[in-house]
Amino acid sequence: MSDTTPASDHDDSTGADLRWDRVHVQRLRPALLRYFRRHLAQQAEDAEDLAQETLVRLARAQVQPDNAEAYALRIASNLLRDRYRRDRSHHAERHEPLDAGLDELPSEEPGSDHVYASKERLERLLSALDELSPRCRQVFLLQRYEGMTYTAIARQLQVSVSAVEKHMMRALLHLQARLAEP
């Protein structure tokens, strides 16, 4: 005699199937968790997932077993066997978890000393820009921050390209000297 019967024999009502599932889950889940934790000493955190997978496969079975506990243990045993095969073929023992060295990585956020130094450097740059003549500052800002060419700046300010070059040179030398100071 077979240890399973067709699922249609038990499908007299939806309530009966739900009751069957709840009863089996409450009874089988703790035993499955113990089984998986015992066999997965190194990866006990996976026991919950495997127990859940076992119960899902049991619920989806085309036949309702006469002995649900034995059938669930067979499913659990097969899941473990599949897992061991997969781990061996994928060399799982060589894998590092993604978050293993996360604490050792440098932070993407700048440190407070870097933020302070950058803020101080920006203040020195702004101060040095204020020391430039208005025309020299305007030429520098149009070229560096607006991305305009010397020719376009000369056209806009109605000066020669040579004058734009001289203003840029004056601005760069002044800023270099002021930012190099301690």
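Here are some questions and answers about a predicted model.

Reader: How do the axes of helix H5 and helix H7 cross, roughly parallel or roughly perpendicular?

Author: Take H5 as residues 134-144 and H7 as residues 161-180. Their axes come within 9 Å and cross at roughly 90°. Angles of 65 to 115 degrees count as roughly perpendicular. So the answer for H5 and H7 is roughly perpendicular.

Reader: Which residue class has eight members in the contact of H5 with H7?

Author: H5 brings residues including Val139 and Phe140, while H7 brings others, among them Val164 and Leu172. Sorted by class, this contact has two polar residues and three charged ones. The class with eight is nonpolar.

Reader: Is Ile153 buried or exposed?

Author: You'll find Ile153 in helix H6, residues 150-157. Setting aside neighbours within four places in sequence, Ile153 is in contact with Val139, Leu142, Gln143, Met148 and Val164. Its relative accessible area is 0%, and buried means under 20%. So Ile153 is buried.

Reader: What separates the C-alpha atoms of Ile153 and Leu142?

Author: Leu142 is one of the residues in contact with Ile153. The two sit 11 residues apart along the chain. Between their C-alpha atoms, the separation is 7.0 Å.

Reader: Which helices are included in what covers the buried residues of H6?

Author: Ile153 is one of those buried residues. Among its contacts are Val139 and Val164, and these two also take part in the contact between H5 and H7. The cover over the buried residues of H6 includes H5 and H7.

Reader: Which helices hold Arg29 and Glu48?

Author: The side chains of Arg29 and Glu48 meet in a salt bridge, at 2.3 Å from N to O. The pair ties together parts that are 19 residues apart in sequence, because Arg29 lies in H1 and Glu48 in H2.

Reader: How many residues apart are Asp46 and Arg83?

Author: These two side chains also form a salt bridge, Asp46 with Arg83, and both residues are buried. Asp46 is in the loop between H1 and H2, and Arg83 is in helix H3. That pair links distant parts of the chain, with a spacing of 37 residues.

Key: Residues are numbered from 1 along each chain as its sequence is written. This is a predicted model: local features need pLDDT of at least 70, side-chain atom pairs count only at pLDDT 80 or more; totals for chains, interfaces and linings use all residues. Side-chain values use heavy atoms; hydrogens and water are left out. Axes are lines fitted to C-alpha atoms, for helices over the stretch in contact, and angles run from 0 to 180 degrees between N-to-C directions. Helices (H or I, at least four residues) and strands (E, at least two) are DSSP runs, numbered from the N terminus. Angles under 35 degrees count as roughly parallel, over 145 as roughly antiparallel, 65 to 115 as roughly perpendicular and the rest as oblique. Contact means heavy atoms within 4.5 Å. Ala, Val, Leu, Ile, Met, Phe, Trp, Tyr, Cys and Pro count as nonpolar, Asp, Glu, Lys and Arg as charged, and the others, Gly among them, as polar. Buried means under 20% relative accessible area, exposed over 50%, partly exposed in between (1.4 Å probe, protein chains only). A salt bridge is a side-chain nitrogen of Lys or Arg within 4 Å of a carboxyl oxygen of Asp or Glu.
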